[in-house]
Amino acid sequence: SSSSFFLAGAFLALVAGFSLSLFAAGASADPLQDNVKAGLSALKKKLEAEGAPRIEGENLFFGKRKINGDTEAVDELKEIMGVTAPIFMKQDAKFVRVSTNIMREGKRAVGTELDPKGAVYPLASKGTAYQGRAEILGKSYETIYEPIVDANKQLVGIYLVALPVAP
C-alpha cells in the first residue's frame, strides 16, 4: 500500500541520514560497533513511532502494532544495513524472541530464549544495556542489547542489534 511504501521510504531516509551523521562525526575506533549503534537507533525510531511499548496477554505491542511474528522492521534493517535484529519479550524471568531476522535450520529463530547462563542475561534482567561481543545461538557477534520499557518504566523486552564477527 502507499502508506507502507511511504514508511519504508521514511525508514530508508532515516537510516541514510543517521549513517551520514556518523560519517560526518568521524570514524570511531570500532566501525563495526558504529554500524550496530546506527542499526539500534533506526530500529528504535521505527518501532517507537508506532507508540509506547506494552505487553498485552502473550504479545508485545508498540502502540497498536503487534510485534510477535511481525518481521517488517527487522527484515528492513537486515536488507538496508546488514544487521541482525531480534526483539525479545519478557515472559516472567525469561526473554523470548518474538521477532527476528536470525535464521536457524531454515526457519526464523522465534520462540528461542536469551540464554539465562549467558553474560548478557544478568544485565538484561535488571534492565541494563549491554554493548560488546556476545555469542548468539553459537556464533560470535558485536552487539548492543537495550531494554524496552513501557510507559510505567517496567521492563517489557529487549532490543538486540548485532553484526557477526569474523572468526
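Author: Take a 1 Å grid over the protein atoms alone: a cavity is a set of points where a 1.4 Å probe fits but cannot get out, and its lining residues have an atom within 4 Å of a point. This is a predicted model, so local features need pLDDT of at least 70, side-chain atom pairs count only at pLDDT 80 or more, and totals for chains, interfaces and linings use all residues. Numbering runs from 1 along each chain as its sequence is written, and side-chain values use heavy atoms, without hydrogens and water.

Reader: OK, which residues line the largest cavity?

Author: Look for Leu47, Arg65, Ile67, Asp70, Ala73, Val74, Ile87 and Ser99. A search of the whole structure turns up one cavity of 30 Å³ or more.

Reader: And how much space lies in the largest pocket?

Author: A pocket is an open set of points with protein on both sides within 12 Å along at least five of seven lines. Here, the largest one holds about 260 Å³. Its lining has 16 residues, with Asp115, Gly118, Glu135, Ile136 and Tyr145 nearest the centre. Strand 8 (residues 130-136) gives the largest share, five residues; strands are DSSP E runs of at least two residues, numbered from the N terminus.

Reader: In what order do the three strands of the open sheet come?

Author: They run 1-2-3, with antiparallel pairing (pairing takes at least two DSSP bridges). Strand 1 (53-56) and strand 3 (65-66) each have a single partner, so one side of each lacks a neighbour in the sheet. Strands 1 and 2 (residues 59-62) share four bridges; Arg54 has Phe61 in strand 2 as its bridge partner.

How values were computed: Points joined across faces, edges and corners; volume = space filled by probe spheres on them.
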